[in-house]
Amino acid sequence: MPTAREALLVAALGALVHRPWSAVRMADVARDARVSRQTLYNEFGSKEGLARALARREADAYLQGVRRLLAVPAPPARNLAAVAEWTVVRAAERPLLRALLTDAWSDRLPRPRPVRAGARTAPVPAQRRADEGPPAPGELVAAVAAAAGERWAGGCEIAVRLALSHVVAPAVPWSRAGAGGAAGRDGQRAEPESWSPTTPTITSVIETILSVETTSPRKTMP
């Protein structure tokens, strides 16, 4: 059975499916989580505190998935490709994570604001951590690289940055590309002459990123 805090976070995310963050009411979140408003305020302190907790939860879930993939007994190239694929797919499904990774926030999302100077320290340990603020995009990338260990940190960072380039600008099918390279007899564009794979690892990551389906409708829940 989820804790009251987890139930409230899930309820807040559910509310975002139907309305922007500015229209989400704390009373409705408490009602949907089946807890009292007092419990809600005891956990988060305010709506701003709830926003910070949502962002922290999303970042933690992403990093937990990264660590799980890196722990799979497999060749390093396969693990790095899996991390890249996880980043692309997870960001496509969850707008809040996409905003954390790219710093591109829409008005619909609960963009966390810093705690006001002089504000009372939150009594709940999980909220104190959330109130420290979510990791910046560069900090998230660094955390992913660190999870890979010293030997593979550089390759992991490259994999994630390649994935993020795909998150920001998803690939356009060759048949729809408007410029760059001549089209072959099958209607697809030939590979540019400058194409020169650097290492098998990077090539594998690129192939994985380009193979991710990006044409399906994206979900609205962060």
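This is a predicted model: local features need pLDDT of at least 70, side-chain atom pairs count only at pLDDT 80 or more; totals for chains, interfaces and linings use all residues.
Biologist: What span should helix α5 have, and how far apart are its end C-alpha atoms?
Modeller: Helix α5 covers residues 76–93, which makes 18 residues.

Biologist: Which residues of α5 are buried?
Modeller: Buried here means under 20% relative accessible area. In α5 that class includes Leu80, Val83, Trp86, Thr87 and Arg90.

Biologist: Which charged residue lies over the face of Trp86?
Modeller: A charge counts as over a ring if it is within 6 Å of the ring centre and within 35 degrees of the ring normal. At 5.5 Å from the centre of the Trp86 ring, the residue over its face is Arg68.

Biologist: How far from the ring centre of Trp21 does Lys47 lie?
Modeller: Lys47 is placed over the face of Trp21. Its distance from the ring centre is 5.0 Å.

Biologist: How many aromatic pairs are found in the whole structure?
Modeller: Two rings pair if their centres lie within 6.5 Å. A search of the whole structure for such pairs gives a count of zero.

Biologist: What is the helix content of the region that UniProt annotates as "DNA-binding region"?
Modeller: The annotation comes from an unreviewed UniProt entry and covers residues 25–44. Over residues 25–44 the end C-alpha atoms are 14 Å apart and strand makes up 0%. The helix content there is 80%.

Biologist: Which element gives the most residues to the lining of the second largest pocket?
Modeller: This pocket has a volume of about 420 Å³. Its lining has 19 residues, with Phe44, Gly45, Arg52, Arg120 and Asp131 nearest the centre. Elements giving two or more residues are α3 (37–44), α4 (47–70) and α7 (125–131). With four residues, the one that gives the most is α3.

Biologist: Is Arg34 buried or exposed?
Modeller: Arg34 is in the loop between α2 (26–33) and α3. Its phi is near 60°, a positive value in a residue other than glycine. The cut-off for exposed is over 50%. Arg34 has a relative accessible area of 79%, so the residue is exposed.

Biologist: What is the relative accessible area of Asp103?
Modeller: Asp103 lies in the loop between α6 (95–102) and α7. Phi of Asp103 is also positive, near 60°. Asp103 is partly exposed, with a relative accessible area of 46%.

Terms used
Residues are numbered from 1 along each chain as its sequence is written. Side-chain values use heavy atoms; hydrogens and water are left out. The expected span of a helix is 1.5 Å times one less than its number of residues. Buried means under 20% relative accessible area, exposed over 50%, partly exposed in between (1.4 Å probe, protein chains only). UniProt positions are given in the numbering used here, feature names are shortened, and annotations may be inferred rather than shown by experiment. Rings of Phe, Tyr and Trp (its six-membered ring) pair if their centres lie within 6.5 Å; planes under 30 degrees apart count as stacked, over 60 as edge-to-face and the rest as tilted. On a 1 Å grid over the protein atoms alone, a cavity is a set of points where a 1.4 Å probe fits but cannot get out, and a pocket is an open set with protein on both sides within 12 Å along at least five of seven lines; lining residues have an atom within 4 Å of a point. Grid points are joined across faces, edges and corners, and a volume is the space filled by probe spheres set on the points.
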